[in-house]
Amino acid sequence: MSIALRLFALIVTLILSISANALNKQSGLTDNIEDPFRLFVLFHDDVPESKRSTVYVEHIRPFTAEFEKITGRQISVVFDRSRPPYTNFNYKAEDHKAMFERWKKLTWTYRAERHDSNEFLFSRNDRILLITNDFINGSPLFGGTGGIATQPGNSAIASLDYKQIVGHELGHSFNAIHEDGEVLYNGWWCETFMFEPLPFRSNCYVFSEANKKHIKAYVDSQS
Ligand SMILES: [Zn+2]
(Lines give C-alpha, C1' and ligand atoms only; values in the text may rest on other atoms or scores of the structure.)
Protein backbone atom coordinates (compact mmCIF):
# COMPACT_ATOMS: atom_id res chain seq x y z
CA MET A 1 0.00 0.00 0.00
CA SER A 2 1.41 3.40 -0.89
CA ILE A 3 1.98 6.08 1.75
CA ALA A 4 -0.88 8.11 0.27
CA LEU A 5 -3.27 5.20 0.51
CA ARG A 6 -2.14 4.35 4.02
CA LEU A 7 -2.66 7.94 5.12
CA PHE A 8 -6.07 8.01 3.52
CA ALA A 9 -7.04 4.74 5.17
CA LEU A 10 -5.84 6.07 8.52
CA ILE A 11 -7.90 9.22 8.11
CA VAL A 12 -11.00 7.28 7.14
CA THR A 13 -10.51 5.06 10.19
CA LEU A 14 -10.06 8.09 12.41
CA ILE A 15 -13.20 9.70 11.03
CA LEU A 16 -15.20 6.53 11.52
CA SER A 17 -14.05 6.23 15.11
CA ILE A 18 -14.76 9.91 15.79
CA SER A 19 -18.27 9.50 14.38
CA ALA A 20 -18.79 6.35 16.42
CA ASN A 21 -17.67 8.15 19.58
CA ALA A 22 -19.97 11.05 18.83
CA LEU A 23 -22.87 8.70 18.34
CA ASN A 24 -22.13 6.87 21.59
CA LYS A 25 -22.27 10.01 23.68
CA GLN A 26 -25.45 10.28 25.67
CA SER A 27 -25.07 13.79 26.98
CA GLY A 28 -25.11 15.68 23.69
CA LEU A 29 -22.32 16.99 21.51
CA THR A 30 -19.04 18.38 22.73
CA ASP A 31 -16.44 20.35 20.84
CA ASN A 32 -12.96 21.63 21.39
CA ILE A 33 -13.55 25.29 22.10
CA GLU A 34 -9.99 26.28 21.23
CA ASP A 35 -9.85 24.45 17.90
CA PRO A 36 -13.28 24.20 16.40
CA PHE A 37 -12.06 24.46 12.79
CA ARG A 38 -13.54 21.63 10.78
CA LEU A 39 -13.31 21.03 7.08
CA PHE A 40 -15.98 18.79 5.55
CA VAL A 41 -14.76 17.51 2.20
CA LEU A 42 -17.57 16.14 0.04
CA PHE A 43 -16.56 14.14 -3.00
CA HIS A 44 -18.89 14.87 -5.87
CA ASP A 45 -20.27 11.66 -7.39
CA ASP A 46 -18.41 12.47 -10.61
CA VAL A 47 -14.95 12.13 -9.01
CA PRO A 48 -13.67 8.68 -10.03
CA GLU A 49 -12.56 6.29 -7.30
CA SER A 50 -9.03 6.28 -8.74
CA LYS A 51 -8.62 10.00 -8.00
CA ARG A 52 -10.08 10.02 -4.48
CA SER A 53 -7.20 8.29 -2.68
CA THR A 54 -4.70 11.06 -3.50
CA VAL A 55 -6.98 14.03 -2.80
CA TYR A 56 -5.94 14.41 0.83
CA VAL A 57 -2.20 14.35 0.23
CA GLU A 58 -2.13 16.32 -3.02
CA HIS A 59 -4.97 18.83 -2.64
CA ILE A 60 -6.07 19.15 1.00
CA ARG A 61 -2.92 18.68 3.07
CA PRO A 62 -0.92 21.49 1.36
CA PHE A 63 -3.64 23.92 2.49
CA THR A 64 -4.23 22.54 6.00
CA ALA A 65 -0.47 22.39 6.72
CA GLU A 66 -0.11 26.03 5.69
CA PHE A 67 -3.27 27.05 7.59
CA GLU A 68 -2.03 25.40 10.79
CA LYS A 69 1.39 27.03 10.43
CA ILE A 70 -0.11 30.49 9.89
CA THR A 71 -2.78 30.40 12.58
CA GLY A 72 -1.38 27.97 15.17
CA ARG A 73 -4.82 26.31 15.06
CA GLN A 74 -5.75 22.78 14.11
CA ILE A 75 -8.20 22.05 11.34
CA SER A 76 -9.89 18.64 11.29
CA VAL A 77 -10.78 17.11 7.96
CA VAL A 78 -13.93 15.00 7.61
CA PHE A 79 -14.54 13.24 4.30
CA ASP A 80 -18.00 12.46 3.00
CA ARG A 81 -19.36 10.76 -0.11
CA SER A 82 -22.53 9.39 -1.77
CA ARG A 83 -24.82 11.72 0.12
CA PRO A 84 -27.53 13.28 -2.04
CA PRO A 85 -28.55 16.05 -2.49
CA TYR A 86 -25.01 17.25 -1.73
CA THR A 87 -22.71 14.92 -3.65
CA ASN A 88 -24.92 14.92 -6.76
CA PHE A 89 -25.35 18.71 -6.69
CA ASN A 90 -25.52 20.19 -10.20
CA TYR A 91 -22.44 22.44 -10.01
CA LYS A 92 -21.94 22.96 -13.75
CA ALA A 93 -23.34 26.35 -14.66
CA GLU A 94 -22.61 29.31 -16.92
CA ASP A 95 -24.08 31.53 -14.20
CA HIS A 96 -21.77 30.40 -11.42
CA LYS A 97 -23.07 33.03 -8.97
CA ALA A 98 -26.68 31.74 -9.05
CA MET A 99 -25.40 28.16 -8.77
CA PHE A 100 -23.26 29.10 -5.76
CA GLU A 101 -26.23 30.66 -3.97
CA ARG A 102 -27.90 27.23 -4.19
CA TRP A 103 -24.75 25.53 -2.84
CA LYS A 104 -24.55 27.98 0.07
CA LYS A 105 -28.11 27.07 1.09
CA LEU A 106 -27.26 23.38 0.85
CA THR A 107 -24.13 23.74 2.99
CA TRP A 108 -26.29 25.26 5.72
CA THR A 109 -28.63 22.25 5.54
CA TYR A 110 -25.65 19.89 5.56
CA ARG A 111 -24.23 21.31 8.79
CA ALA A 112 -27.68 21.24 10.40
CA GLU A 113 -28.17 17.63 9.29
CA ARG A 114 -24.89 16.44 10.83
CA HIS A 115 -25.68 18.35 13.99
CA ASP A 116 -29.20 16.92 14.23
CA SER A 117 -27.92 13.38 13.70
CA ASN A 118 -25.66 13.97 16.73
CA GLU A 119 -22.38 13.75 14.83
CA PHE A 120 -20.85 17.25 14.89
CA LEU A 121 -21.65 20.52 16.55
CA PHE A 122 -22.79 23.33 14.29
CA SER A 123 -19.88 25.78 14.22
CA ARG A 124 -19.41 29.07 12.37
CA ASN A 125 -15.84 27.94 11.69
CA ASP A 126 -16.89 24.91 9.65
CA ARG A 127 -15.97 24.84 5.99
CA ILE A 128 -17.99 22.74 3.54
CA LEU A 129 -15.99 21.99 0.41
CA LEU A 130 -17.41 20.20 -2.63
CA ILE A 131 -14.63 18.50 -4.61
CA THR A 132 -15.53 18.17 -8.29
CA ASN A 133 -13.98 16.37 -11.21
CA ASP A 134 -14.59 19.19 -13.70
CA PHE A 135 -14.63 22.96 -13.94
CA ILE A 136 -17.89 24.80 -13.11
CA ASN A 137 -17.77 26.24 -16.62
CA GLY A 138 -15.19 26.42 -19.39
CA SER A 139 -12.16 24.15 -19.21
CA PRO A 140 -8.58 24.20 -17.91
CA LEU A 141 -7.34 24.51 -21.49
CA PHE A 142 -9.51 27.41 -22.66
CA GLY A 143 -10.19 29.11 -19.33
CA GLY A 144 -13.24 29.12 -17.10
CA THR A 145 -14.24 28.80 -13.47
CA GLY A 146 -12.43 26.05 -11.56
CA GLY A 147 -13.77 26.94 -8.13
CA ILE A 148 -15.72 29.41 -6.04
CA ALA A 149 -15.98 30.29 -2.35
CA THR A 150 -17.47 32.76 0.10
CA GLN A 151 -15.20 35.72 0.94
CA PRO A 152 -15.02 34.89 3.82
CA GLY A 153 -17.46 32.16 4.90
CA ASN A 154 -18.39 28.51 5.11
CA SER A 155 -18.95 27.36 1.53
CA ALA A 156 -16.59 26.36 -1.27
CA ILE A 157 -16.40 24.33 -4.47
CA ALA A 158 -13.09 23.28 -6.02
CA SER A 159 -12.21 21.25 -9.09
CA LEU A 160 -9.37 18.72 -9.06
CA ASP A 161 -8.03 20.03 -12.37
CA TYR A 162 -5.28 22.06 -10.70
CA LYS A 163 -3.73 21.12 -7.38
CA GLN A 164 -3.82 24.68 -6.04
CA ILE A 165 -7.58 25.24 -6.53
CA VAL A 166 -8.54 23.74 -3.16
CA GLY A 167 -6.02 25.97 -1.33
CA HIS A 168 -7.07 28.99 -3.41
CA GLU A 169 -10.79 28.62 -2.65
CA LEU A 170 -10.27 27.79 1.03
CA GLY A 171 -7.96 30.82 1.13
CA HIS A 172 -10.91 32.98 0.00
CA SER A 173 -13.07 31.37 2.69
CA PHE A 174 -10.53 32.59 5.30
CA ASN A 175 -10.36 36.08 3.76
CA ALA A 176 -7.23 35.86 1.58
CA ILE A 177 -7.43 37.99 -1.59
CA HIS A 178 -6.14 37.87 -5.18
CA GLU A 179 -4.60 41.35 -4.95
CA ASP A 180 -2.08 40.09 -2.39
CA GLY A 181 -1.14 36.97 -4.34
CA GLU A 182 2.56 36.91 -5.31
CA VAL A 183 5.06 35.18 -7.52
CA LEU A 184 8.03 34.00 -5.49
CA TYR A 185 11.48 33.01 -6.72
CA ASN A 186 13.39 30.13 -5.14
CA GLY A 187 15.57 29.06 -8.04
CA TRP A 188 12.38 28.95 -10.08
CA TRP A 189 9.22 31.04 -10.09
CA CYS A 190 6.22 29.78 -8.22
CA GLU A 191 2.82 31.25 -7.49
CA THR A 192 1.32 31.64 -4.05
CA PHE A 193 -2.17 30.18 -3.57
CA MET A 194 -4.08 33.38 -4.33
CA PHE A 195 -2.24 34.31 -7.53
CA GLU A 196 -4.30 33.70 -10.66
CA PRO A 197 -2.48 30.76 -12.29
CA LEU A 198 -0.40 31.24 -15.44
CA PRO A 199 1.13 28.43 -17.50
CA PHE A 200 4.79 27.42 -16.99
CA ARG A 201 4.96 28.48 -13.38
CA SER A 202 4.69 26.05 -10.50
CA ASN A 203 2.72 26.56 -7.32
CA CYS A 204 4.50 27.25 -4.03
CA TYR A 205 1.57 25.90 -1.92
CA VAL A 206 2.02 28.80 0.47
CA PHE A 207 0.25 32.12 1.00
CA SER A 208 2.02 35.45 0.52
CA GLU A 209 3.03 37.33 3.67
CA ALA A 210 0.14 39.79 3.18
CA ASN A 211 -2.41 36.97 2.80
CA LYS A 212 -0.99 35.17 5.84
CA LYS A 213 -1.80 38.33 7.80
CA HIS A 214 -5.37 38.43 6.39
CA ILE A 215 -5.96 34.77 7.32
CA LYS A 216 -4.49 35.11 10.83
CA ALA A 217 -6.47 38.29 11.54
CA TYR A 218 -9.68 36.70 10.30
CA VAL A 219 -9.21 33.50 12.31
CA ASP A 220 -8.31 35.45 15.46
CA SER A 221 -11.45 37.59 15.01
CA GLN A 222 -13.58 34.42 15.03
CA SER A 223 -12.30 33.22 18.41
ZN1 LIG B 1 -10.08 33.45 -6.55
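## Close-ups of helix H3

**View 1. Where H3 touches H5.** His59, Ile60, Pro62 and Phe63 in H3 meet Val166, Gly167 and Leu170 in H5; two residues are in contact when their C-beta atoms, placed from the backbone, lie within 7 Å. Sort the residues of this contact and you get five nonpolar, two polar and no charged (Ala, Val, Leu, Ile, Met, Phe, Trp, Tyr, Cys and Pro count as nonpolar, Asp, Glu, Lys and Arg as charged, the others, Gly among them, as polar). By the way, this is a predicted model: local features need pLDDT of at least 70, side-chain atom pairs count only at pLDDT 80 or more, and totals for chains, interfaces and linings use all residues. Residue numbers start from 1 along each chain as its sequence is written.

**View 2. The kink in H3.** Look at Arg61: H3 has a kink of about 50° there, shortly before the proline Pro62. The bend is the angle between axes fitted to the seven residues ending at a residue and the seven starting there. Helices here are DSSP runs (H or I, at least four residues), strands too (E, at least two), numbered from the N terminus.

**View 3. The buried side of H3.** Val55, His59, Ile60, Phe63, Glu66 and Phe67 are the buried residues of H3 (buried: 20 or more other C-beta atoms within 10 Å of a residue's own, with C-beta atoms placed from the backbone). What do they pack against? Their partners are strand S1 (37-43), helix H2 (49-52), strand S2 (75-80), strand S3 (126-132) and H5.

Terms used
A residue is buried if 20 or more other C-beta atoms lie within 10 Å of its own, exposed if 12 or fewer, and partly exposed in between; C-beta atoms are placed from the backbone.
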